Amino acid sequence: MAEFAAKTVLITGADGNLGRKLTDAFTAAPWCRRVIALDRSGVPGHFAAEARSKVVAVSADLTKADGAWTRSFADADVCIHLAAQHANVDATWSDAMASFDMTVNVGLSAFRHRVCRIVFA
C-alpha cells in the first residue's frame, strides 16, 4: 500500500451536518494531520472527542473577502467548501447571492494561498 503524506484539510461549513461528519471521518484517518474547521460559530464542541485534538476551529464570515479567516488557507493542502448562507431550495435571492459571494471569496483565498485542490459541494 502506498504511503501518503500527512495533509491538512480546510472545511467551510464545518459545524453543519456534512461538515461534522467529514471532520470526524478525516481526523480518524492516518493521513490527516489537521482539519481547519471554518464556520460562523467557530466552536469545535460538536465534533467527536477523538477528533478535537486535530481540529483547529476558526470563526469565519465568508461574505467578508478580507476577513481574518482567509489566513487559514495558508496551511491547507485541500479545501472542501460546504458553507452556504441558506442551504435550502427556498432561499431568497439575497441569500443565494450571499452564498455565491462566499464561494468566490473561498476560491480567491484558496488561489492566493496556493491550495492545490478545492471540492465544492
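**View 1. Ser 99 sits in helix 2.** This is a predicted model, in which local features need pLDDT of at least 70, side-chain atom pairs count only at pLDDT 80 or more, and totals for chains, interfaces and linings use all residues. Residues are numbered from 1 along each chain as its sequence is written, and side-chain values use heavy atoms, without hydrogens and water. Helices are DSSP runs (H or I, at least four residues) and strands likewise (E, at least two), numbered from the N terminus. Ser 99 has a relative accessible area of 13% and is therefore buried (under 20%; exposed is over 50%, partly exposed in between; 1.4 Å probe, protein chains only). Not counting residues up to four places away in sequence, Ser 99 touches Ala 84, Gln 85 and His 86. Contact means heavy atoms within 4.5 Å.

View 2. Buried here are Asp 95, Ala 98, Ser 99, Met 102, Asn 105, Val 106, Ser 109 and Ala 110.

View 3. Trp 93 belongs to helix 2 (residues 93-112). Its relative accessibility is 67%, so Trp 93 counts as exposed.

**View 4. Arg 114 follows helix 2.** Its phi is positive, near 60°.
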